[in-house]
Amino acid sequence: MPRTETTNRTAPRRRTRTQRLTDRALALDPGLVKTDGALRTLVAVPAGMAVGYAIATAFGLPAILGVMIGAMPAFITCLVIVDPSTGRTAARTGAVLVPFVVALAGSIALQPFRLLELVLIVVLLFVQFAAASWGVWAADAAIVGFAGYLCGLLLPLPETSVVPLGLVVAGSLAVTIVVRLLFRPDPHRALLRTRRGFVARGSDGLEAAAAVLAAGAVGAAADDQRARRRALRRLGRARDRYHEIALTVDGMLAASGVDADTTAEELHRLVFDTHFAIDELGRAAGALVEQGAPSDVRHAALRAVTLVLRHGGSHGQEAAHTLLARYGITASAADDGSRTTALVRRMAAEFTDLRSAGLRWRELRDELPRHGAGVPFATPVILAGGRPAGAVPVVADAVAEGPWRRWHLTASLRTAVHAAIAVAIVEPLALLLDGSRFYWGVIGVMIVLAGTNTTHERIRKGLHRGVGTVVGGAVGIVLVHLLGTTHPWVTIVLVCVLLAVGTYGFGGVYSVWAACLVVVLCQVYAFSGTFTDALIPMRLAENLLGAAVAVLVSAVVFPIATRAVIRRAVRRQLVAVRAFVLALVGVEDDDEADAADTAEADRARRDLRARSRAVDAATYQLDAVLRPMVRFPTGGPARADARTRASLQAAATFAREAAGRLGSAPQDPPAALRGAADRLAASIAQLADGIVAGPRSATPTAVWVRVGDQLDEAVAAASGRPDERAIATAAHALGRIDEALALLADRHHATVVGAMSAGPGIIAV
């Protein structure tokens with residue numbers, strides 16, 4: 001028998017330092033969406049500053065005023081207005097000229113009327129949040145209008161300056177449009193970059209799998225056991241990150257506007273198949289170690305994984321042959337029905353699938369047109385912060401169906417009410433703290449409520465703001481003392497770079513954005529002659545005051561219980577699993593049936609990958625609302641949530657496995673299989689209704705009917721059919737989903753029963 005221990009010394013594929021850094025950047029920022037945004041800001045902001053400086057000088061206004069007003073519309077439009085269409089981006093950018101100038105002029109005109117000025121802030125902030133549901137044009141106008149109003153509020157200007165300042169804004173927006181036309185997105189290149197980042201994350205998952213296989217010695221010393229546990233945790237994190245980027249890339253492709261195109265559909269399938277293959281390889285590697293597979297088996301798997309890491313997914317077939325050949329000479333191979341043999345065969349199949357997906361990726365890359373709408377990918381702006389939507393749809397459900405539904409309340413309107421009430425409370429308190437800069441408290445309210453939906457998210461964002469303010473204040477104070485006001489060009493470069501870096505962090509690590517912004521503000525205050533070392537502590541205090549009031553108001557006004565939000569997240573995932581169960585036998589969900597297009601409905605009905613992706617997205621949403629504010633050592637409510645999540649995550653995994661194995665629903669499945677799917681779907685619907693109603697409702701207890709016997713009948717009825725294996729795979733998936741969710745039903749006090757058939761004769765289990 002050859003020595004396999006040398007496999008541990010087989011080095012992974014060597015990449016240059018530049019390649020590794022590029023892959024890491026693409027993995028952290030799929031398609032370089034945030035990077036492109038930072039570059040836009042880096043170019044547009046100094047261009048706006050230059051135009052503002054020139055116009056201000058020509059009209060005799062202070063140069064610093066022209067620079068500040070010129071930078072604001074360029075920066076805010078680069079941050080807010082991102083659109084797949086270059087023409088629509090230019091139109092939306094030009095359209096905000098009117099709300100910005102009107103708000104600026106109104107703010108200047110209202111300077112003598114202090115009370116009215118403060119009241120109008122409440123109104124404008126309410127409109128800004130409410131406009132989120134009125135369409136992108138209205139949202140652009142509301143956000144930019146509020147920014148213009150703040151500019152006029154902060155700068156004591158005569159009314160005669162409105163016209164030249166309007167010209168500054170117009171010039172700034174004009175050069176911003178030119179910059180964005182020159183730096184228009186390249187869909188083909190963006191698609192290739194997205195693919196490379198996706199592959200880089202997959203390599204991380206395979207490297208984690210290799211580390212688990214290398215550290216999985218049985219009966220090792222305590223230090224080795226700790227290394228094994230660390231490797232397993234690392235593998236779990238790598239799989240979670242890969243799962244998130246798979247959802248993100250899938251969402252990016254969906255944003256292209258040409259989803260019906262066959263190339264776009266194939267890209268969706270390739271993303272799913274590649275994700276499934278690599279995730280299954282990681283899962284199988286972890287299972288081999290956890291069940292204590294012999295070292296020769298682990299080394300055979302490690303050799304195969306390392307082969308793919310060294311040469312790429314196109315060598316998946318070779319890796320599969322290597323794995324099976326090396327496993328065939330081990331003692332474990334003698335037991336053909338063992339779990340170890342099943343895991344090894346699964347890994348071999350996934351290596352083969354990985355090769356097929358890799359080859360098709362290359363073919364598709366060469367087939368894609370370089371220009372035009374034929375490229376099924378555009379600048380991805382549809383995802384919240386560049387990530388899949390988390391709690392947003394769940395909170396929207398809770399608002400629409402909760403105790404406030406009679407008020408016809410929407411999630412955006414609820415946030416707008418919170419913002420208005422919080423600002424009305426904060427303004428007088430902030431005036432008492434520091435009357436000249438009360439707006440810091442207003443900004444504290446705005447930043448905590450913007451882009452957040454749950455109490456956890458709002459507190460977390462407030463803490464990020466606080467940390468960023470402390471770090472940025474420390475750096476900003478040092479820079480002000482070092483640079484002073486004697487190096488304006490250095491300061492301008494520093495401001496532009498920091499705004500670009502902050503824009504990159506805005507959609508990811510919010511504290512980075514907050515820190516960069518505070519450093520910039522320190523420079524601005526230094527040049528305006530109002531900087532003191534006590535300025536930043538006062539800003540931190542007022543920001544946190546606004547954040548605290550915003551959180552308290554959102555918890556008291558139109559409150560939504562955390563448990564209610566979690567129940568609706570569970571219901572959303574159960575609904576997605578139900579749709580998958582029905583699709584597995586070619587049945588359309590009643591809520592989604594569309595008789596207008598039979599061919600399209602039939603195609604969608606049999607697209608199991610899309611149904612599985614919907615389940616994965618619902619899992620992501622559930623995770624977003626299950627994050628506890630404080631983790632208690634004893635577990636507390638989080639223990640029950642963890643068990644719920646485990647059952648639902650298992651159902652999502654089984655759905656993904658069935659979709660990856662089958663691709664589409666079997667044609668003409670046996671009646672027993674259809675009956676089992678219908679019965680399982682009915683049980684899921686009852687469970688979903690019971691969970692969302694809550695434990696104290698008068699709703700009758702849900703009944704969960706097990707479908708194991710019907711599935712056995714279906715497998716027996718398919719014996720001898722050409723699609724016998726597909727029927728068995730579908731039945732196996734339904735059985736595993738039934739098993740996972742029956743445990744969930746039992747925990748939620750449903751009546752779990754077993755049935756010999758779909759008819760009478762049920763017996764309790």
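Are Arg283 and Glu280 buried or exposed? In this predicted model, both Arg283 and Glu280 are buried.

## The Arg283–Glu280 pair

Arg283 and Glu280 are joined by a salt bridge in which the closest N and O atoms lie 2.6 Å apart. The two residues belong to helix 11, which covers residues 262–290, and because they are 3 residues apart there, about one helical turn separates them. Glu280 counts as buried because its relative accessibility is 2%, and the cut-off for that class is under 20%.

## A link between helices 11 and 25

Glu280 also forms a salt bridge with Arg661, where the closest N and O atoms are 3.9 Å apart. This second pair links distant parts of the chain, since Glu280 sits in helix 11 whereas Arg661 sits in helix 25 (residues 637–662), 381 residues apart.

In total, the structure holds 17 salt bridges.

## The Arg345–Asp336 pair

Another salt bridge brings together the side chains of Arg345 and Asp336, with an N to O distance of 2.2 Å. Arg345 is partly exposed, having a relative accessible area of 45%, and Asp336 is likewise partly exposed, with a value of 48%.

Terms used
Residues numbered from 1 in each chain as written. Predicted model: local features only at pLDDT ≥ 70, side-chain atom pairs only at ≥ 80, totals over all residues. Heavy atoms only, no water. Salt bridge = Lys/Arg side-chain N within 4 Å of Asp/Glu carboxyl O. Helix = DSSP H or I, 4+ residues; strand = E, 2+ residues; numbered from the N terminus. Buried < 20%, exposed > 50% of the residue type's maximum accessible area, 1.4 Å probe, protein only.
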